[in-house]
Amino acid sequence: MKTLFEKIIDGELPAEKVYEDEKIIVIKDIAPKAPVHLLIIPKKVIPDIQTLKKEEFYLLGEIVRVAQELAKKFDLEESGYRLVVNQGPDAGQTIFHLHFHLLGGNPLGRMG
Ligand code: 5GP
């Protein structure tokens with residue numbers, strides 16, 4: 001069974017795409033928690049950060065590269081942003097295809 005993000009990656013469901021290359025797709029979150037709320041999603045089917053294999057760690061670098069690029073594009077370089085992963089039930093993960101949230105555009109409140 002494909003996840004929602006796999007269906008978006010495969011073009012079977014619509015999404016507001018803001019970036020795409022051969023490894024990564026970035027879409028706007030449908031229920032934004034900040035003025036800018038993007039989902040950075042590797043195209044490779046990986047359920048979550050915990051099942052990411054060592055040979056897939058290069059994707060984390062790609063995700064950070066794309067986050068830097070989008071922070072520039074969405075004018076978040078100076079104001080800042082949060083780049084987070086929800087891993088598992090206690091973090092509230094709902095879609096089991098690895099993705100990073102990039103949030104910004106106003107003060108986000110302290111974490112921890
Ligand atoms: P998680 O809770 O798994 O870390 O994040 C899943 C995110 O996907 C949530 O922030 C949720 O708002 C977003 N989301 C759920 N369904 C859709 C959808 O159909 N389209 C888009 N663009 N985002 C979605």
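1. **E22 and K23.** The side chains of E22 and K23 form a salt bridge, with 3.4 Å from N to O. The term needs a side-chain nitrogen of Lys or Arg within 4 Å of a carboxyl oxygen of Asp or Glu. E22 is exposed because its relative accessibility is 62%. K23 is partly exposed, at 27%. The cut-offs are under 20% relative accessible area for buried, over 50% for exposed, and partly exposed in between, with a 1.4 Å probe and protein chains only.

2. **Basis of the values.** This is a predicted model, in which local features need pLDDT of at least 70, side-chain atom pairs count only at pLDDT 80 or more, and totals for chains, interfaces and linings use all residues. Residues are numbered from 1 along each chain as its sequence is written, and side-chain values use heavy atoms, with hydrogens and water left out.

3. **Salt bridge count.** How many salt bridges does the rule give? The count comes to 10. As background, side chains of opposite charge can pair when their charged atoms come close.

4. **E62 and R65.** E62 also pairs with R65 in a salt bridge. Their closest N and O atoms are 2.8 Å apart. E62 and R65 are 3 residues apart in helix α2, so about one helical turn separates them. Helices here are DSSP runs of H or I with at least four residues, strands are runs of E with at least two, and both are numbered from the N terminus. Is E62 buried or exposed? E62 counts as buried because its relative accessibility is 19%. R65 is partly exposed, with a relative accessible area of 31%.

5. R65 has another partner in E69, through a salt bridge of 3.5 Å, N to O. E69 and R65 are both in helix α2, 4 residues apart, which is about one turn of the helix. E69 is partly exposed at 39% relative accessible area. Salt bridges with shared partners link D21, E62, R65 and E69 into one network.

6. **E62 and P42.** E62 belongs to helix α2. Along the chain, E62 and P42 are 20 residues apart. Their C-alpha atoms are separated by 8.8 Å.

7. **Nonpolar surface patch.** Which residues form the nonpolar patch on the surface? They are V64, Y81 and L83, with about 220 Å² of accessible area together. Patch members have over 30% relative accessible area and no salt bridge; like charges are joined within 9 Å, and nonpolar side chains (Val, Leu, Ile, Met, Phe, Trp, Tyr) within 5 Å. Accessible areas come from the Shrake-Rupley method with a 1.4 Å probe, and for residues only the protein chains shown count as cover. V64 sits in helix α2, residues 58–73. Y81 sits in strand β4. Both are partly exposed: V64 at 41% relative accessibility and Y81 at 34%.

8. **Backbone at D75.** D75 is not a glycine, yet has a positive phi of about 60°. D75 lies in the loop between α2 and β4 (81–84). D75 is exposed, at 64% relative accessible area.

9. **Largest pocket.** The largest pocket has a volume of about 360 Å³. A pocket is an open set of points on a 1 Å grid over the protein atoms alone, with protein on both sides within 12 Å along at least five of seven lines; a cavity is a set where a 1.4 Å probe fits but cannot get out, and lining residues have an atom within 4 Å of a point. Points are joined across faces, edges and corners, and the volume is the space filled by probe spheres set on them. The lining has 19 residues, and F5, D29, I30, L39 and I95 lie nearest the centre.

10. **Pocket lining.** α1 (4–9) and β2 (24–28) each supply at least two lining residues. α1 gives the most, with 3 residues. By class, the lining has 10 nonpolar, 6 polar and 3 charged residues. Ala, Val, Leu, Ile, Met, Phe, Trp, Tyr, Cys and Pro count as nonpolar, Asp, Glu, Lys and Arg as charged, and the others, Gly among them, as polar.

11. **G105.** G105 is in the segment after β5 (100–104). G105 is partly exposed, with 45% relative accessibility. G105 and K73 are 32 residues apart in sequence and 12 Å apart in space, C-alpha to C-alpha.
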